[in-house]
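Please read them with the structure open.

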Amino acid sequence: MNTLASAGQLANFVIGGTEKAGTTSIFTYLSEHPQVCGSKVKETDFFRNHATGDLAADARRYAEYFDRCASDSRIYMEASPGYLGGGEAVATRMHALIPEARLLFVLRDPVDRLYSSFNFHVGKLNLPADLDFETYIDKCIAYDGGQADAPSLGIGDWYLKAITHGRYADYLEPFFRLYGPARVKIMFFEDLNRDVAAFMAELSEFLEISPEFFAGYDFRKINATFSGKVKWLHQLAVYVNGKTEPFLRQRPKLKRTIVDTYKKFFQAREGYDPMSDAARAKLKAYYRPSVDALKGYLASGSTPWSI
């Protein structure tokens, strides 16, 4: 039992990454399981942005995300896909506060993940609408290599770092070192897409919850990338979505209805155009050494990706 439990219930399961790898869908599916309670907001980002090192104070603040949870829930969960990119700093803060937690990292072909991330953040208006992907790659690589800073490139620091977050092995090392392989599980987005029921059954075994709940479950993709027909209205929708998350996150059926209605009338398109061969080749070369290093963390010694 966590020694700081007197401050309130703390997470004992964290989905720590990666971005655009189905973490929102997994969080939503698990939140409906009777043995699981999800945090008030999916992405608390507590260990990236709010942990201070004062463990007693941190425990009280972190417990607020779970104060709605029943005391007999088996799993208290949050999902902040930015944690993986936080590497050593996040792993250290997390282990200090919740050393007995189990961690899940869902990995995706890093080439496809970056392209999905790019299009997602263009759709969320975090990146300029007129920025093409190959230019974005060049800016990220220049930033990564120290050849230019964020202000000169005209893009926020977090979005320029997105390319490095696909070098998974670099960031996984401190989590495995601190928590040990028994508490850290790696799964793949490609497996989630191929057979979501089998994916959730395997995850249920890791969490020691009943997999029978997902028999006949209505699995639907959550947080799919799409653009809006009217820019100002889409900006407003993004803002309202963020402000209402604590309420809607605990009511997934209501949120699905609202999103479906919005998309019916105001969605310009879902998805995006295929990546160019030139961009794919450049990213494969960039990620190849990291993918080779990642295989050392996998029981199978292989990934689903041909890089």
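1. The model is predicted. Helix H6 has buried residues that are covered in part by other helices: among what covers them are H5 (110-123), H8 (157-160) and H15 (277-294). The buried residues of H6 are Phe133, Tyr136, Ile137, Cys140 and Ala142.

2. On geometry, H6 runs over residues 133-144, twelve residues in total. From first C-alpha to last it reaches 16 Å, close to the 16 Å expected at 1.5 Å a residue. At the start of the helix, a side-chain oxygen of Asp132 comes to within 3.2 Å of the backbone nitrogen of Glu134. After the helix comes Gly146, with a positive phi near 75°.

3. Helix H9 (residues 168-179) can be checked by its length. Its end C-alpha atoms are 17 Å apart, and this agrees with the 16 Å that twelve residues should span at 1.5 Å a residue. Gly180 follows H9 and has a positive phi, near 85°.

4. Which elements do the buried residues of H9 pack against? They pack against helix H4 (83-97), strand S4 (102-107), H5, strand S5 (184-188) and H15. The buried residues themselves are Tyr168, Ala169, Tyr171, Leu172, Pro174, Phe175, Phe176 and Tyr179.

5. The largest nonpolar core has 62 residues. Within this core, Tyr62, Met94, Leu107, Phe133 and Tyr136 touch the most other members. H9 gives the core its largest share, seven residues. Apart from this core lies another, of 24 residues, including Ile15, Tyr29, Met77 and Leu203.

6. Phe133 deserves a separate entry. Leaving aside residues up to four places away in sequence, Phe133 touches Leu114, Tyr115, Phe118, Met275, Ala279 and Leu283. Phe133 is also one of the buried residues of H6.

7. The structure holds 22 aromatic pairs.

8. Are Phe214 and Tyr217 buried or exposed? Phe214 has a relative accessible area of 5%, so this residue is buried. Tyr217 counts as buried because its relative accessibility is 15%, under the 20% cut-off.

9. Two further ring arrangements can be checked by eye. Ring pairs link Phe46, Phe47, Tyr62, Tyr65, Phe66 and Tyr83 into a cluster. Tyr62 is also among the residues that touch the most other members of the largest nonpolar core. Elsewhere, the charged end of Arg48 sits over the ring of Trp158, at 4.2 Å from the ring centre.

10. Thr24 is placed in helix H1 (residues 23-31). What joins the side chains of Thr24 and Lys42? A polar contact of 2.7 Å joins them. Thr24 has a relative accessible area of 7%, so Thr24 is buried.

11. Most residues other than glycine have a negative phi, and most peptide bonds are trans. In this model the peptide bond from Gly17 to Thr18 is cis, with omega near 0°. Thr18 lies in the loop between strand S1 (13-17) and H1.

12. Lys20 lies in the loop between S1 and H1. Its phi is positive, near 60°, in a residue other than glycine. With a relative accessibility of 14%, Lys20 counts as buried.

13. Asp45 is not a glycine, yet its phi is positive, at about 50°. The residue is found in the loop between strand S2 (36-38) and helix H2 (46-49). Asp45 has a relative accessible area of 12%, so this residue is also buried.

Technical notes
Residues numbered from 1 in each chain as written. Predicted model: local features only at pLDDT ≥ 70, side-chain atom pairs only at ≥ 80, totals over all residues. Heavy atoms only, no water. Helix = DSSP H or I, 4+ residues; strand = E, 2+ residues; numbered from the N terminus. Expected span 1.5 Å × (residues − 1). Buried < 20%, exposed > 50% of the residue type's maximum accessible area, 1.4 Å probe, protein only. Contact = heavy atoms within 4.5 Å. Polar contact = N/O pair within 3.5 Å; in protein donor to acceptor, adjacent residues only side chain to side chain. Core = buried A, V, L, I, M, F, W, Y, C linked by side-chain atoms within 4.5 Å. Phe/Tyr/Trp six-rings, centres within 6.5 Å; stacked < 30°, edge-to-face > 60°. Lys NZ or Arg CZ within 6 Å of the ring centre and 35° of its normal.
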